[in-house]
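The sequence and the model are shown first.

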Amino acid sequence: NPPRIVDSIFLKEEHRHMKVLIENILFLKAEGSYCKVVTKNKEYVYSINLKHVIEKINHPHLVRAHRTHLVNIHNVDLIEGNQLIIGKHKIQMSQSYKDDLLDKLNII
């Protein structure tokens, strides 16, 4: 059996864990030894590095755009030069991740 793709994760908020659908995640951002998870409604910050979060979530819609960013390809609104626009956020694409990311975005 192929591994099942998880459609949600639980994010810790104070003393509880909130279910968040992968489709509601806009992007994840590394900020030093912290990781910010930005969703359509909220931002969560954890004292865990991005690499560890990537290993934990491991979802095909979450793709590396830069060493500091993992984006949800289903929430990319616009590609302008080396920038991805997701809602009001601008995310820089780095050359090392650009080809793989553009491949997954189904560009014609």
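## Sheet

In this predicted model, strands E4 and E5 pair in the antiparallel sense over four bridges. Across this pairing, Cys35 stands opposite Tyr46 in E5.

The two strands belong to an open sheet of five strands, in the order E5-E4-E3-E7-E6, with antiparallel pairing. Strand E5 (43–46) and E6 stand at the edges; each has a single partner strand, so one side of each is left without a neighbour in the sheet. From one strand to the next, the twist averages 20°.

## Helices on the sheet

H1 packs on the sheet and touches E3, E4, E6 and E7. The direction of H1 makes about 145° with that of E3. H2 lies across E6 and E7 and runs at about 145° to E6.

Which residues of helix H1 (residues 50–57) are buried? They are Leu50, Val53 and Ile57. These residues cover an arc of only 60° around the axis, which puts them on the same side of H1.

On the face of H1 turned away from its buried side are the exposed residues Lys51, Glu55 and Lys56. Just after H1, Asn58 takes a positive phi of about 45°.

## Aromatic pair

A search of the whole structure finds one aromatic pair. Tyr44 and Tyr46 form this pair, and it is stacked, with 6.4 Å centre to centre and 5° between the planes.

Tyr44 is buried, because its relative accessible area is 9%. Tyr46 is also buried, with a relative accessible area of 19%.

## Ser94

Where does Ser94 lie? Ser94 is in the loop between strand E10 (89–92) and helix H2 (95–104). Ser94 counts as buried because its relative accessibility is 16%. Leaving aside neighbours within four places in sequence, Ser94 is in contact with Ala65, His66 and Arg67.

Methods:
Residues are numbered from 1 along each chain as its sequence is written. This is a predicted model: local features need pLDDT of at least 70, side-chain atom pairs count only at pLDDT 80 or more; totals for chains, interfaces and linings use all residues. Side-chain values use heavy atoms; hydrogens and water are left out. Buried means under 20% relative accessible area, exposed over 50%, partly exposed in between (1.4 Å probe, protein chains only). The arc is that of the directions from the helix axis to the C-beta atoms. Rings of Phe, Tyr and Trp (its six-membered ring) pair if their centres lie within 6.5 Å; planes under 30 degrees apart count as stacked, over 60 as edge-to-face and the rest as tilted. Contact means heavy atoms within 4.5 Å. Two strands pair if DSSP finds at least two bridges between them. Axes are lines fitted to C-alpha atoms, for helices over the stretch in contact, and angles run from 0 to 180 degrees between N-to-C directions.
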